[in-house]
Amino acid sequence: GRPSILTAVLVGVVIGLVAALFLILAEGPSDQVEDLPGPSIAPGDATWAAGVRPAPDFTLANQEGRAVSLSSLRGRVVLLTFLNSRCKHLCRIEGPVLGDVQRALPEAERPVIVAVSVNPEDTAASVRAAAGDWGWEPDDWHWLMGNPKQLEDVWAAYGVDAQRAPDDVLHTGALYVIDRAGDERAGYATPFDQQRVTRFIR
């Protein structure tokens, strides 16, 4: 399977401790890792050059009941993440940060948020409430839902694990930045900093 963001982060930390010089956080040879110019601009926890890591395509229903595929969003920068609308922990931190990223960019550069549910009990009403509370731009997000099998297939494609807990859903916190051509370009483990994501998109 494809290495997850957390795997890439762990590999980078181990290499960083040994080398004490630099951090490598991407799969494959080092020439596939894209460094951003200038030391003041922080890349993602993992970064990939264009064309190296195509984002696996999938189709699920959004909050309006409309089928949305990842490939249908080509031409837009996509922030792909995995959330629970009833979350009591990390989702409540990540959600508002995603809204901050949208508002920090001019409309022409604004990314579309694609949240894949980690809770099969999410509903159109619950996800709209969460997106509103978190300040997402009204026309620039899709919260994709499905039955457990449909969701599990997407989670597996992106290295995400979700397990039901007594009062919540415990899941991998991950954000992928997907470019206009449909390639994964950066990955962040939750929690992440809004400015890092915004600078990467710019």
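User: Against which strands do the buried residues of H4 pack?

Analyst: Helices (H or I, at least four residues) and strands (E, at least two) are DSSP runs, numbered from the N terminus. Buried means under 20% relative accessible area, exposed over 50%, partly exposed in between (1.4 Å probe, protein chains only). Contact means heavy atoms within 4.5 Å. The buried residues of H4 pack against strands E2 (59-61), E4 (78-83), E5 (112-117), E6 (141-144) and E7 (162-164). This is a predicted model, in which local features need pLDDT of at least 70, side-chain atom pairs count only at pLDDT 80 or more, and totals for chains, interfaces and linings use all residues. Residues are numbered from 1 along each chain as its sequence is written, and side-chain values use heavy atoms, with hydrogens and water left out.

User: Which residues of helix H4 are buried?

Analyst: In general, an α-helix has 3.6 residues a turn, so residues three or four places apart point the same way. In H4 (residues 148-157), Leu 151, Val 154 and Trp 155 are the buried residues. These cover an arc of only 105° around the axis (taken from the directions from the helix axis to the C-beta atoms), which puts them on the same side of H4.

User: Which residues are exposed on the other side of H4?

Analyst: Lys 149 and Ala 156 are exposed there.

User: What is found at the start of H4, and what follows the helix?

Analyst: At the start, a side-chain oxygen of Asn 147 comes to within 3.1 Å of the backbone nitrogen of Lys 149. After H4 comes Gly 159, with a positive phi near 70°.

Definitions and conventions
A polar contact is a pair of N or O atoms within 3.5 Å; within protein, one must be able to donate a hydrogen and the other to accept it, and residues adjacent in sequence count only if both atoms are side-chain atoms.
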